[in-house]
Amino acid sequence: MPPKIHTEKLSAWYGPKRAIEDITLDFEEHAVSAIIGPSGCGKSTLIRCLNRMHETIPKARAEGKVLLNDEDVYALPAVTVRRRIGMVFQKANPFPTMSIYENVAAGLRLNGVRDRDKLDVAVLESLKQAALWDEVKDSLDKSGASLSGGQQQRLCIARALAVRPEVLLMDEPCSALDPIATAKIEDLIFDLRKDYTVVIVTHNMQQAARVADTTAFLYLGKLIETAGTRELFERPKETLTESYITGRFG
Amino acid sequence: MNLGAFFCVVIALIPLGSLLFEATVRGIRSISPGFFALTTANGGIGNAIQGTLILIGLTAAIALPVGILTGIYLAEYGKNRVGAAIRFFVDVMTQIPSIVVGIFAFSLLLELGAIGIVSSRLVFSTTTGVIALSTIMIPFVARTSEEALRLVPISTRESALALGIPRYRAILRVVLPSASSAVITGALLGIARVGGETAPLLMTCLGSGYWFEGLDQPCESLPHTIYVFALGPDSALNQAAWGASLILVLMMLGIAIASRVVIRLRAGTR
C-alpha cells in the first residue's frame with residue numbers, strides 16, 4: 001500500500017536558518033507515526049510543513065515535496081491542505097470567545113456549513129471520538145476555557161476532527177498535561193488510528209513506544225533513522241539513535 | 001514612599017474632583033426642562049445636544065470601520081516596511097493638535113469648493129466638522145484596535161488557520177471577537193475624545209442658534225456652546241455654560257461607564 005504522506009527531500013528555513021534538511025519519510029495510512037528527537041531538532045517544523053502551517057510564520061519557507069495520496073500539497077490551496085490534514089498543538093488553545101459547541105463546530109461553520117442538523121451531528125460525533133462527550137454533554141454552551149487542561153486538549157482534538165480530516169498531526173499534545181490526562185489522550189490516539197492517519201511529535205520516548213506503530217528519530221534537522229517502533233527502540237541501527245534512546249544525550 | 005505616592009495621587013485627583021464638583025454645583029441650577037427644549041438662541045442647549053449626537057454618530061460611522069480595519073491591517077499584515085511606515089504616520093496623526101486638524105478640514109473644503117468639486121457652502125457645515133472629527137478619531141481607533149489585536153495569542157490564529165479557515169475569515173471571526181472588549185473600549189474612548197473637541201469645530205461646524213438644518217449647514221455642538229456661552233457678556237449665559245458643561249461631562253462619563261459595563265458583561269459570559 002502506498003504511504004498516506006510521503007516527503008521527498010524536504011527542507012525548511014526560518015530566514016537564513018535551516019531547521020530541517022533533506023527529509024525523505026513515509027507516513028502509513030491508519031497508523032500512528034511518532035517523531036522523536038531532542039528539543040530544537042526540527043520535529044515540529046517537519047510536521048508544520050506537512051499541512052503548510054510552516055509558511056504562516058514570517059520569513060519561513062520550505063523546499064522539497066510533500067505528497068498526500070500522491071498529490072503535491074504545495075500545488076493545492078493551503079486551506080484545502082489544512083482541512084485534509086488537521087492539527088493539534090502543544091498547548092490547548094480553544095477559541096476563548098466560543099462555547100464548547102461553537103469550538104467544535106468552528107471549522108465547519110467558518111468554512112460555510114450552516115445546516116444546524118449537520119453541525120449537531122458533527123459536534124456529537126467529534127466529541128465522542130475525542131472521548132469528551134460524556135463529560136461535556138450537559139454543558140455544551142459553556143465556554144471552552146472553563147474546562148480543565150486535559151479536557152481542553154481533547155476539545156481541540158474534537159475541533160480538529162470535526163472537519164473530517166484524513167490525517168491528524170499532533171505537536172507534543174501531552175507536554176502540558178498531568179499523567180492521568182496524558183493517559184486519556186494516549187488511549188484516544190490509539191483508537192484514532194482506525195479512522196485516521198496520525199503523526200505525533202513527542203519528546204517523551206515512552207509515549208512514542210506506547211502509542212506509535214513506527215517511529216522516526218530526528219537530530220539537528222536530519223532524519224537519523226526510521227523503523228517500526230519496537231525495532232527502533234530494541235535494535236537501533238545507528239549509534240546516535242541508541243545513545244538518544246538510552247538517555248546518553250538529549 | 002507609600003505616603004508620598006498617596007499624596008501624589010491626591011494632587012492628581014484634585015483637578016478632577018474640583019471640576020466635577022464645580023460643574024455639578026454650578027451647572028445643576030441651570031438644568032430645567034426648558035434648558036433641553038430650547039435652542040442656544042433662546043438660552044437652552046437642545047440644539048447643541050442634538051448637534052453633538054449627530055456629529056458623534058456620523059464620525060463614529062466613518063471612523064470606526066476605517067480605524068478598526070486599519071488596526072487589523074497593522075496588527076495582522078503590517079509586519080513589514082509598509083506597515084511600519086503606516087504605523088509611524090498613524091502615530092504622528094494622533095499627536096497633531098486638533099486645531100490644525102480643523103484648519104486641514106476647513107482648507108480642504110475651501111479648496112474643493114474653489115475648484116467647484118463641492119458646493120462652497122460646505123466649508124462651514126456639519127460635513128466639514130465630521131471630516132475634521134474623523135481625522136482625529138481614525139488614528140486613535142486604529143492604534144487602540146492594533147494594540148488590542150496584538151494581545152490575542154498567536155496560538156489562537158494558528159488553530160484557526162490549521163482548521164483550513166481562510167486568513168481573512170480567521171481574523172474577522174476568531175481573532176477580532178477575541179479582542180472585542182478592548183476594541184470596543186478603544187472605540188468608546190475615541191468617541192469620548194471627539195465628543196469633547198472644540199477647536200476643530202470652531203472653523204468647520206461654526207455653530208448655529210437653530211436646530212439641525214442639514215449636512216451642508218453649520219451646526220451647534222456642546223463644546224462650542226460652552227465656549228460661546230462662557231465668553232458671553234451676560235451672567236445668565238455664563239450660568240448656562242456651566243449647565244452645558246455638566247451635561248457634556250455627564251455624557252462623557254456615561255460613555256466611560258458604558259465601556260466598563262461592556263467589559264464586565266463580556267467577561268461574565270465566559
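**Ground rules**

I noted that this is a predicted model, in which local features need pLDDT of at least 70 and side-chain atom pairs count only at pLDDT 80 or more, while totals for chains, interfaces and linings use all residues. Residues are numbered from 1 along each chain as its sequence is written, and chains are lettered from A and ligands numbered from 1 in the order in which they are written.

**Chain A, overall**

I looked up the elements of chain A and found ten helices and ten strands, where helices (H or I, at least four residues) and strands (E, at least two) are DSSP runs numbered from the N terminus. The radius of gyration of chain A is 18 Å, close to the 18 Å that the globule rule gives for 250 residues, so chain A is as compact as a globular protein of that length; the radius is taken over C-alpha atoms, and the rule is 2.2 Å times the number of residues to the power 0.38. Along the principal axes, the C-alpha atoms of chain A fill a box of roughly 55 × 40 × 35 Å.

I then looked up burial, and 47% of the 250 residues in chain A are buried. A residue is buried if 20 or more other C-beta atoms lie within 10 Å of its own, exposed if 12 or fewer, and partly exposed in between, with C-beta atoms placed from the backbone. Among contacts in chain A between residues at least 6 apart in sequence, I read that 67% join residues at least 24 apart, a contact being two residues whose C-beta atoms, placed from the backbone, lie within 7 Å.

**Chain A, the six-stranded sheet**

I traced an open sheet of six strands in chain A, with the order S6-S7-S8-S3-S9-S10 and mixed pairing; two strands pair if DSSP finds at least two bridges between them. S6 (85-88) and S10 (222-228) of chain A stand at the edges with a single partner strand each, so one side of each has no neighbour in the sheet. On average, neighbouring strands of this sheet are turned by 20° against each other, direction ignored; for this, axes are lines fitted to C-alpha atoms, for helices over the stretch in contact, and angles run from 0 to 180 degrees between N-to-C directions.

Within the sheet, I followed S3 (residues 32-36) and S8 (residues 197-201) of chain A, which run parallel and are joined by four bridges, with Val201(A) in S8(A) as the bridge partner of Ile35(A). S9 (residues 214-219) of chain A pairs with S10(A) in the antiparallel sense over six bridges, and Thr214(A) stands opposite Gly228(A) in S10(A). Their hairpin has two residues between the strands, and Leu220(A) takes a positive phi near 50° there.

**Chain A, the four-stranded sheet**

I found four strands of chain A in an open, antiparallel sheet with the order S2-S1-S4-S5. Here S2 and S5 (71-72) of chain A are the edge strands with a single partner each, so one side of each is left without a neighbour in the sheet.

S1 (residues 5-14) and S2 (residues 17-27) of chain A run antiparallel with seven bridges, and Ala12(A) has Ile20(A) in S2(A) as its bridge partner. In their hairpin, which has two residues between the strands, Gly15(A) takes a positive phi near 60°. Eight bridges join S1(A) to S4 (residues 60-68) of chain A, again antiparallel, and the partner of Tyr14(A) in S4(A) is Ala60(A). S4(A) and S5(A) pair over two bridges in the antiparallel sense, with Leu68(A) opposite Glu71(A) in S5(A).

**Chain B**

I looked up chain B and found twelve helices and zero strands. Its C-alpha atoms fill a box of roughly 70 × 60 × 35 Å along the principal axes, and buried residues make up 40% of its 270 residues.

I checked helix H9 (residues 180-195) of chain B, whose 16 residues should span 22 Å at 1.5 Å a residue, which agrees with end C-alpha atoms 22 Å apart; the expected span is 1.5 Å times one less than the number of residues. The buried residues of H9(B) include Val183(B), Leu188(B), Ile191(B) and Val194(B).

**Where the chains meet**
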